[in-house]
Amino acid sequence: QVQVMESGGGLVQPGGSLTLSCEVSGSIWSIHGMGWYRQAPGKERELVAMRTSGGATVYSDSAKGRFTMSIENAMTKWYLQMKTLKPEDTAVYYCYAWVRIVSGGARRDQWGQGTQVTVSS
């Protein structure tokens, strides 16, 4: 069973910083993409940052310049460093992985459970 688990959410003041972490575990043949999404109340889930197997990292317009995604060498754990946080960044943040469980198998979406980030004074 593949599992994606995230942590690091919490309450932070505007202008502050917070780093989220995500780790994938279980039997995985390969990882083809990894990243972060978020969903605010009443809004659609939106992309925050995504790293593809080609090595490119894409950020949303809101995240660009403030958020940085990093990946450990083993590619089983990754982070989202968030700086200069704003109240509009308040949302549930989800880590994401696009994986193959077995060789030649279909690629599957794997989602974390979500972690709440609240930016408020």
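## A pairing in β8

In β8, W78 is the bridge partner of I71; strands, like helices, are DSSP runs numbered from the N terminus (strands E, at least two residues; helices H or I, at least four). This is a predicted model, in which local features need pLDDT of at least 70 and side-chain atom pairs count only at pLDDT 80 or more, while totals for chains, interfaces and linings use all residues. Residues are numbered from 1 along each chain as its sequence is written, and side-chain values use heavy atoms, with hydrogens and water left out.

## The four-stranded sheet

β7 and β8 (residues 77-82) pair in the antiparallel sense over five bridges, where pairing requires that DSSP finds at least two bridges between two strands. Both belong to an open sheet of four strands, ordered β1-β3-β8-β7 with antiparallel pairing. Its edge strands, β1 (3-7) and β7 (67-71), each pair on one side only.

S60 lies in the loop between β6 (57-59) and β7. S60 is buried, with a relative accessible area of 16% (buried means under 20%, exposed over 50%, partly exposed in between, with a 1.4 Å probe and protein chains only). Leaving aside neighbours within four places in sequence, S60 is in contact (heavy atoms within 4.5 Å) with L47 and V48.

## Strand β9 and its partners

Seven of the 10 residues of β9 (residues 91-100) are buried, so this strand is largely enclosed by the rest of the structure. β9 pairs in the antiparallel sense with β4 (residues 30-39) over nine bridges, and R38 stands opposite Y93 in β9.

β9 also pairs in the antiparallel sense with β10 (residues 107-111) over five bridges, with W111 in β10 as the bridge partner of Y96.
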